Amino acid sequence: MSYATDTHDDHDDHDHKPTGITRWLYTTNHKDIGTMYLWFSFSMFLIGGFMAMIIRAELYQPGLQIIDPNFFNQMTTVHGLIMVFGAVMPAFVGLANWLIPMMIGAPDMALPRMNNWSFWILPFAFAILLSSLFMEGGGPNFGWTFYAPLSTTYSNDSTAFFIFSVHIMGMSSIMGSINVIVTIFNMRAPGMTFMKMPLFVWTWLITAFLLIAVMPVLAGTVTMMLTDKYFGTAFFDAAGGGDPVMFQHIFWFFGHPEVYIMILPAFGIVSEIIPTFARKRLFGYSSMVYATSSIALLSFIVWAHHMFTTGMPVAAELFFMYATMLISVPTGVKVFNWVATMWRGSMTFETPMLFAVAFVILFTIGGLSGLMLAIVPADFQYHDTYFVVAHFHYVLVTGAIFSIMAAAYYWLPKWTGHMYDEKLGKIHFWCSLISVNVLFFPMHFVGLAGMPRRIPDYALQFADFNKVISIGGFAFGLSQLIFLYVVIKCIRGGEKATDRVWEGATGLEWEIPSPAPYHTFTTPPEIK
Amino acid sequence: MQQSTQAKNSKLVKKLVVIVIGMFGFGFALVPLYDILCEVTGLNGKTNTIAASTENIRQNKSRTVTVEFMAITNKSMPWQFKPVERRIEVYPGEVKLVNFYAKNESINDLVGQAVPSVSPGRGASYFNKIECFCFNRQPLKAGAETLMPLTFYIDADLPDDINTLTLSYTMYDVTASVAGESSQSSQTGE
């Protein structure tokens, strides 16, 4: 540990940046690691997106034409796993790496070696997962929720690869979140009190606590799966005295906090961007902090709303229904605060702001369909239909992903030192906005009409809507290539960015030069 | 300053690692917790997996309870499996013996395991089994048939509003997992 620090101090003195591949392999620099996380997550986004294209191509017409049902199942499964664990979560970790030290005035993350480790095990995890697709019998085909007994008794032989890759992803997330917590607790610049921290830092702190609370439970779940499938235990096997429904309880005890892990940092990003472009202070800062904390706490007592149809006592159904609806109160506080921040602000609509405003509107649509799903008698109709698919894609794509896009545009000039191409950014936004709604909005209708999810074929009356959905899907997928182009173009050059970049930007990261120097805040800044 | 931050860091890391390990354990602790919860609430109609004692059975001859029996096989289980009597009347505290018929209709020797469930779930904890074929695995040679006994009584404390209890057995094929275990004495002893 002391050796590592010594070497690091050495680097500080010379502001020396290693070159070549070893720079990236051995780096302990939070900016390098953040960059790697972001690129990794973007490549996973494209791979997972490609799988979604295969799914939508198959669903373009009723009947089976392109792929066989088993491969379709593998695509829905791996698409979900890649997007959740490979695209959204690493993107937020990458943003945390880049921004948290700069926002709190720290020279780096608190545990730089572990930071390197937590990134570099990720590519291996996903190599293992993706390689299982090419094995005999195929990859995981039991849905990203891997319900037992589908994932135990009836799963194919490559399940062990799935299990180990989830273990590695879990380890990576746990190490990353320990790093975030330690950094925020111990590395804040003098004067940076908790209630002065930017909201992105706050939401990430809460997210990190959620992660260390539930990722170990996920690890336990897949471990039980492993021993059930390969070592003859019977945690989820009714024949041996276990219970498959218990799998769902344990999984969703992890799974529900997990969905907030994927949205709380998004709340933080939007709370940074809207004040900048409304040129007003964030409305209700402390209520934002408390709302985020209450969402996090409530997330532990609502898990069974994913399993209303498994047969629960009415009392339990009522409890989970009301607890779920309760979450809309703190979420409503947040939406209100964002709108109030924009109210009578001097707003301009650069690309980050466009994505942030779209986030507020479209995430709220996703939240509303979530409220519909929380109603027990209605959920019996909606359960496992495309209505659910529409709901979670509104909160994850137009929620989490849009916020990540917003963040990328917002901080890209700080990272690269160049302004991105505003015109192309706007084109990317409008293409994404229109196509994403063509893609996901009709799913509400086919879902309400009863089209089940995760099935490669469907009844004829859903044909027109599915064609529209698929076209929207292809358009949305292609639109993301514009984003790739904008980012590469911005890295290679462009108009020089000023230190502050945005007129209304506040926060420590805008006080340092653009591009951000390799080492920042080696002497802590003074916070007034 | 540098040193103290490092000391603080490693102290906090240790605490967080303890939380992580604790939550890993909690994941497994959910298994017994779930069983306890099911027992308390009668969720899933889980009944006791150990034999009830025959001593101190209180009787209540003032009412009768209808007990219905169901027997189904898991889809991969090629047995015929059914109760000899489908429905009987007992009074709480009455010790009763009933039989279930099973026939192995496959050409392989198989081992079955019956898993019980009582409906309504609230009544599950009042259903006491003194002896049950479900306590043990049931080996059955290819083509063989057998009668499997169940001795039970209904607890006198059964709530008044429950007048019918349905006991359902699902028969699973556990031949593979029995073969996996090297020496298994319980399957041969009754």
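Buried means under 20% relative accessible area, exposed over 50%, and partly exposed in between, with a 1.4 Å probe and protein chains only. Keep that handy for the tour.

This is a predicted model, so local features need pLDDT of at least 70 and side-chain atom pairs pLDDT 80 or more, while totals for chains, interfaces and linings use all residues. Residues count from 1 along each chain as written, chains are lettered from A and ligands numbered from 1 in written order, and side-chain values use heavy atoms, without hydrogens and water.

**Stop one: A:Phe253.** Select A:Phe253, which is buried at 9% relative accessible area. (Rings of Phe, Tyr and Trp, the last by its six-membered ring, pair if their centres lie within 6.5 Å; planes under 30 degrees apart are stacked, over 60 edge-to-face, the rest tilted.) A:Phe253 is in helix 8 (residues 244-261), A:Trp303 in the loop between helix 10 (285-298) and helix 11 (314-342), 50 residues apart. Helices here are DSSP runs of H or I, at least four residues, numbered from the N terminus.

**Stop two: A:Phe185 and A:Phe209.** Here is another edge-to-face pair, at 6.2 Å and 65°. A:Phe185 is partly exposed at 32%, and so is A:Phe209, at 34%.

**Stop three: charges over rings.** The test is NZ of Lys or CZ of Arg within 6 Å of the ring centre and within 35 degrees of the ring normal. Then pick A:Arg23, over the face of A:Trp24 at 4.2 Å from the ring centre.

Methods
Helices (H or I, at least four residues) and strands (E, at least two) are DSSP runs, numbered from the N terminus.
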